[in-house]
Every structure is written in C-alpha cells, then in structure tokens.
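Dear colleague,

I am handing over the structure below, together with some notes for someone who has not seen it before. Please read them with the model open beside you.

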Amino acid sequence: MRNTILFIFTIVTLLCAVLVYFIPQTGTIILLSISGLLTTIVIHDSIQTKHSLLRAFPLIARLRWFFEEERDKIQQYFIEDNLNGTPINREKRSIVYQRAKLEKDTVPFGTQHNVYKKGYEFVKHSLFPKDHHHIIGERVLFGSDKCTQKYSCSIINISAMSFGSLSKNAIMALNQGAKMGDFAHNTGEGGISPYHLQGGDLFFQIGTGYFGAGKHDVNGKRFFDDETFKENAKRPEVKMIEIKFSQGAKPGHGGILPAKKNTPEIAAIRKVTVGTQVDSPPSHSAFSNYDEMIVFIQKVRDLSDGKPVGIKLCVGNHKEIEEMIKAFAVAKNYPDFISVDGGEGGTGAAPMEFTNYIGSPLIEGLVFINQLLIQYKLKKQIKIIASGKAVDAFDVVKLIALGADAISMARSFMLSLGCIQARECNLDTCPVGVATQDNELVKALVVEKKNVRVKNYHNKTITAVKEMIAAMGLGSIADLQPNHIFRRRKEEIVSLEEVFYNPKKVG
Ligand SMILES: Cc1cc2nc3c(=O)[nH]c(=O)nc-3n(C[C@H](O)[C@H](O)[C@H](O)COP(=O)(O)O)c2cc1C
C-alpha cells in the first residue's frame with residue numbers, strides 16, 4: 001500500500017512537470033505545487049518513525065485521524081437528530097439558546113418523543129388550569145435554626161464552576177446575569193476572583209484545595225485558614241457557603257486544573273505554581289470524621305457571621321451517608337443545605353472512569369437524601385439543592401417534586417453563554433471563549449451581550465416552570481409531590497411516588 005501511494009504521487013509529480021514543460025500555464029503551476037507539497041508529505045510520513053500507521057499509509061492515515069478527531073463535530077452538525085445528542089441533546093440545547101436570546105421557543109407539529117416508550121415521563125394537567133402569573137414559590141428561604149443570616153434563594157441558580165475552568169468573560173457574564181435576574185452564582189472551588197464581584201449574589205465554595213480559604217504549610221500542603229476564609233466569607237456578595245465533598249462527574253477525586261489553563265492570574269488567585277496541573281486532594285484535611293465535620297460546619301458558619309453553610313456531594317456509600325445524617329440529628333447541629341450532584345453531572349476535566357462509573361445518578365441520590373432527612377426529622381432544617389442535567393422546566397419540576405428545594409445548573413448556563421458543546425473544556429481550546437484561558441478565544445465572548453442571555457434563560461425557565469405548575473392546577477411550586485410525575489414502566493404507567501417512595505404499592 002505504502003509503495004503504491006509513493007508510486008502514484010511520484011507519477012503525478014512527473015506528469016505535472018511534463019505538463020509545465022509543454023503548457024506553462026498558471027493552473028499547471030498550481031497543480032505542480034499541490035502535487036509537490038503532497039509528495040513531500042508522503043515522503044515525510046513514510047520515513048518518520050513516530051507513528052506506525054502513518055509509515056504504513058502515508059498521507060491517507062492523516063485523513064483517518066482527521067475524521068476520528070472531528071467525528072463528534074461531524075456527528076453533531078450533520079447526523080445528530082433532536083433527541084440523541086450527548087450529553088445534552090439538541091432539543092434541550094435549542095431551548096436554552098432560544099430562551100437566552102428571547103427567540104421563539106415554541107415547537108411545531110407535535111412531540112418528537114415516543115410517548116409509548118418505556119421510561120417516558122410526564123405530568124398530568126388539571127381540568128381547571130390556573131393563571132401562571134399567580135403561581136408562587138419561585139424563592140425559598142435557606143438557613144436552619146443555627147444560622148442568623150438566612151437567604152431567600154431563587155429555585156434556579158448557577159452551579160459551581162471556577163475561574164480557571166471558565167474564562168474571566170464567562171464568569172463576569174454569569175455574575176452580571178445573576179445580578180440582573182436576582183439569582184445566585186456559585187464561585188466553584190477556585191476561590192473568589194475580581195470577575196465574581198460584579199454585584200451578583202455568590203455562593204462561596206470551599207473545595208479540598210481551600211482556594212480562597214486556606215494557606216500552604218512548609219511542605220506545600222494546603223490547609224484551611226480561618227482568617228483567609230473569613231475575609232472572603234464576610235463579603236456582602238457572599239450569601240451562602242458550600243463545602244464541597246464531591247461532584248458527580250468525579251466523586252472521590254479532587255478538582256483538576258489543567259496546566260494549560262493555569263495562567264499567571266489564576267495561579268496568583270489560587271496561590272499555586274503557574275503552568276502546572278493543580279490536583280486538589282480527594283478529601284478534606286480540616287476534619288476526618290462526622291463529629292469533626294459538624295464542628296467544622298459550625299466554625300465556618302461562625303466565621304461567616306451566621307450565613308447558611310451547606311455541603312455538596314454526590315451520593316456514594318449509603319451506610320456512610322446515613323451515619324452522617326444520623327450524626328447531624330444526634331448532635332442537633334447540621335448544615336443548612338445539602339447539594340446533591342448526580343453522576344451525570346458535568347466537569348471541566350475528569351478521569352474517564354470517574355465520570356462514567358463512579359457515583360449515584362441524581363434521582364437515586366436525591367431521593368435517598370430526602371428520605372433520610374424525613375426519617376431523621378431534619379427536613380425543616382436542611383434544604384436540598386439538586387444538580388444534574390437540569391435544562392428545561394420539566395427537569396426543574398421533576399426534581400422539586402422528588403424533594404429538591406432549589407436546582408443548580410452548570411452546563412445549561414454555559415449554553416446560555418454560547419457554549420456549543422464542543423467538549424474541549426479540558427484542552428483550553430473552547431472555540432466560543434467559555435471554558436478557556438486563551439485570550440484570543442476569550443475575546444469571542446462579549447460580556448455585555450451574554451450577561452443578558454444568562455438573565456433571560458433564567459427568567460424564561462422560571463416562567464416555564466410556573467406555566468407547568470399552573471397547567472397542573474397547583475398554586476405554588478412548593479406544592480409539587482412525587483406523585484405528580486408519571487413514568488411509563490414496561491407497559492404500565494406508575495407515579496414516581498410508587499417508584500421511589502412506596503415501591504411495595506406497585507402491583
Ligand atoms: C466547566 C465545569 C466546571 C465545574 N467546576 C466545578 C467546581 O469548581 N466545583 C464543583 O463543585 N462542581 C463543579 N462543576 C460541576 C457543576 O457544578 C455541577 O455540579 C454539575 O455539572 C451538574 O450540573 P449540570 O448537569 O447542570 O452541568 C463543574 C462543571 C463544569 C461543567
């Protein structure tokens with residue numbers, strides 16, 4: 001094969017040379033140049049020693065690499081239908097773009113979903129729908145009896161994504177959008193940057209690297225530092241604190257900041273070495289058992305002058321989680337909220353096995369936590385925030401029905417910024433300037449345009465939630481119960497109350 005390719009290119013080059021000799025026209029010269037270039041590539045490919053495929057199939061192997069690398073894009077642009085793009089299908093991506101840009105967000109002709117397919121979910125409407133303008137419950141008061149600065153929280157907020165994983169323009173647009181729409185923006189575990197301080201409400205996240213909340217010891221190990229934390233936690237923009245145990249996309253693994261994205265500015269904010277990959281430890285050094293955890297939560301609450309303090313986790317070992325909730329009940333001290341992230345959650349960068357095979361999916365995790373809070377009579381004190389591929393109003397309604405008080409969205413808000421799901425967040429090459437630190441690419445994201453889209457997407461989704469609640473004949477978002485959502489299981493239809501809360505009832 002290799003010799004055949006070499007032979008063909010040599011013949012083509014000779015032929016071009018003959019053509020040029022007898023018909024010296026511009027076209028022929030161009031042809032000769034192209035042929036010469038291709039021949040050079042073929043010779044280079046066949047004598048290089050790095051890639052065996054290229055040695056065996058000079059030039060041709062490059063085409064294979066091209067299609068392999070660009071397969072996702074070709075699939076997305078030319079093959080994908082409305083319901084099968086991953087991780088977020090085209091129908092869901094489109095609704096975010098439409099709502100963010102205030103474009104027409106109706107669909108023509110009828111549903112594309114197979115309503116008789118196993119797994120199909122829906123809500124039942126009332127004969128007497130309400131006016132959605134009168135639906136209440138779009139804000140929920142967060143803060144247990146341990147907290148002195150309660151926070152009236154929108155039911156939809158921006159989930160944790162740090163400056164580092166996202167660009168400064170993305171962070172600014174998100175924060176300004178949150179301010180315009182009166183909802184909150186989670187800092188992510190990379191600390192608070194000037195780009196977070198655009199006037200929007202903040203949830204200040206503390207990860208295991210304690211960026212913005214810690215210092216280094218002499219061995220370079222990071223530890224929680226009261227004064228550093230206090231300085232940030234007391235900022236008026238910071239409304240709640242979230243201690244991150246794990247996230248669904250990589251539970252049991254600390255955060256990863258790829259070396260390419262660790263710019264001098266980010267390194268200065270996180271106090272790490274510029275240009276190196278920064279791996280946060282898998283667990284906290286500030287506590288190592290449930291009792292110490294409870295003491296730490298109270299310390300964080302005290303240092304922040306009584307703001308609500310929560311923990312974020314993806315549900316793993318059930319026994320441990322139950323022991324933790326029991327410890328809260330016994331100590332009569334607890335976090336003000338638990339953020340439950342699903343295994344289907346997003347990330348800037350994660351090991352493949354952690355993303356695909358570790359951590360409970362959101363629905364199972366959410367129901368498990370909710371049941372424990374009911375069992376240990378903590379439901380009134382501890383609110384639940386749920387995250388994991390919530391995009392449209394049905395996702396929000398379903399998660400609230402299953403026990404969540406509020407929803408965090410990460411990738412939906414990225415889409416509202418113009419993310420095209422290129423899935424290059426770990427490479428620093430995000431073509432739309434959302435998840436990159438390359439200044440040339442970051443410029444593509446115009447903050448003054450995208451901040452409004454963030455606000456629009458939030459507002460339109462809240463309205464869509466109210467419209468669904470009104471169609472169901474309910475008066476408040478808080479009235480939602482698991483028995484309001486139905487799923488086709490085999491050929492029968494059962495309520496999610498029966499699936500998750502009362503399985504014995506199922507015949
Ligand atoms: C680019 C990116 C960066 C993220 N960074 C963090 C982080 O710093 N801390 C964290 O707890 N979760 C982080 N996450 C996870 C999200 O906060 C969220 O829990 C998860 O993506 C599920 O929400 P989604 O399905 O709406 O994206 C990140 C997700 C993405 C996509």
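Where is the place of K332? K332 sits in the loop that runs between α10 (residues 318–331) and β13 (residues 337–341). Its phi is near 50 degrees, which is a positive value in a residue other than glycine, and with a relative accessibility of 59% K332 counts as exposed, because the cut-off for that class is over 50%. Please keep in mind throughout that this is a predicted model, and that what follows was computed from it.

L59, which is not a glycine either, has a positive phi of about 65 degrees, and is found in the loop between α3 (residues 52–56) and α4. L59 has a relative accessibility of 18% and therefore counts as buried, the limit being under 20%. A further backbone feature is the peptide bond from T86 to P87, which is cis, with omega near -5 degrees; P87 is found in the loop between α4 (residues 60–79) and α5. As background to these features, most residues other than glycine have a negative phi, and most peptide bonds are trans.

Overall picture

The protein has 507 residues, of which 50% count as buried, and it contains 17 helices and 17 strands. Its C-alpha trace spans about 95 × 65 × 45 Å along the principal axes. The accessible surface comes to about 24500 Å², and 58% of that area belongs to carbon and sulfur atoms. Among contacts between residues at least 6 apart in sequence, 67% join residues that are at least 24 apart.

The ligand and its surroundings

Which residues come nearest to the ligand? Of the 23 residues around the ligand, S159, A160, G346, K389 and R411 come nearest. The residues of this shell divide into 5 nonpolar, 12 polar and 6 charged. Several polar atoms can be located there: a polar backbone atom of K389 is 2.5 Å from an oxygen atom of the ligand, an N or O atom in the side chain of D341 is 2.9 Å from an oxygen atom of the ligand, and a polar side-chain atom of R411 lies 2.7 Å from an oxygen atom of the ligand. On its own the ligand has 610 Å² of accessible area, and the protein covers 98% of it.

The nonpolar core

In soluble globular proteins, nonpolar side chains tend to be buried together. In this model the largest nonpolar core has 120 residues, and F229, I325, F328 and V434 are the ones that touch the most other members. If neighbours within four places in sequence are left aside, F229 is in contact with F204, I206, G212, A213, F224, I241, V300, L303 and S304. E353 lies in helix α11 (residues 352–357) and, with a relative accessibility of 47%, counts as partly exposed.

Is S154 buried or exposed? S154 has a relative accessibility of 2% and so counts as buried. S154 lies in strand β3 (residues 151–154), and its side chain reaches the backbone oxygen of I156 at 3.1 Å. Not counting residues up to four places away in sequence, S154 touches E138, R139, D182, F183, A406, H458 and I462.

S126 is in the loop between β1 and β2 (residues 139–142), and is buried, with a relative accessible area of 19%. The side chain of S126 reaches the backbone nitrogen of F128 at 2.7 Å, while its contacts beyond four places in sequence are with A471, M472 and G473.

T111 is found in the loop between α5 (residues 90–100) and β1 (residues 121–123). T111 is exposed, with a relative accessible area of 55%, and a polar atom of its side chain lies 3.0 Å from the backbone nitrogen of H113.

With best regards

How values were computed
Residues numbered from 1 in each chain as written. Predicted model: local features only at pLDDT ≥ 70, side-chain atom pairs only at ≥ 80, totals over all residues. Heavy atoms only, no water. Helix = DSSP H or I, 4+ residues; strand = E, 2+ residues; numbered from the N terminus. Buried < 20%, exposed > 50% of the residue type's maximum accessible area, 1.4 Å probe, protein only. Polar contact = N/O pair within 3.5 Å; in protein donor to acceptor, adjacent residues only side chain to side chain. Contact = heavy atoms within 4.5 Å. Near = heavy atom within 4 Å. Areas by Shrake-Rupley, 256 points an atom, 1.4 Å probe, with all protein chains shown as cover. Nonpolar A, V, L, I, M, F, W, Y, C, P; charged D, E, K, R; others polar. Core = buried A, V, L, I, M, F, W, Y, C linked by side-chain atoms within 4.5 Å.
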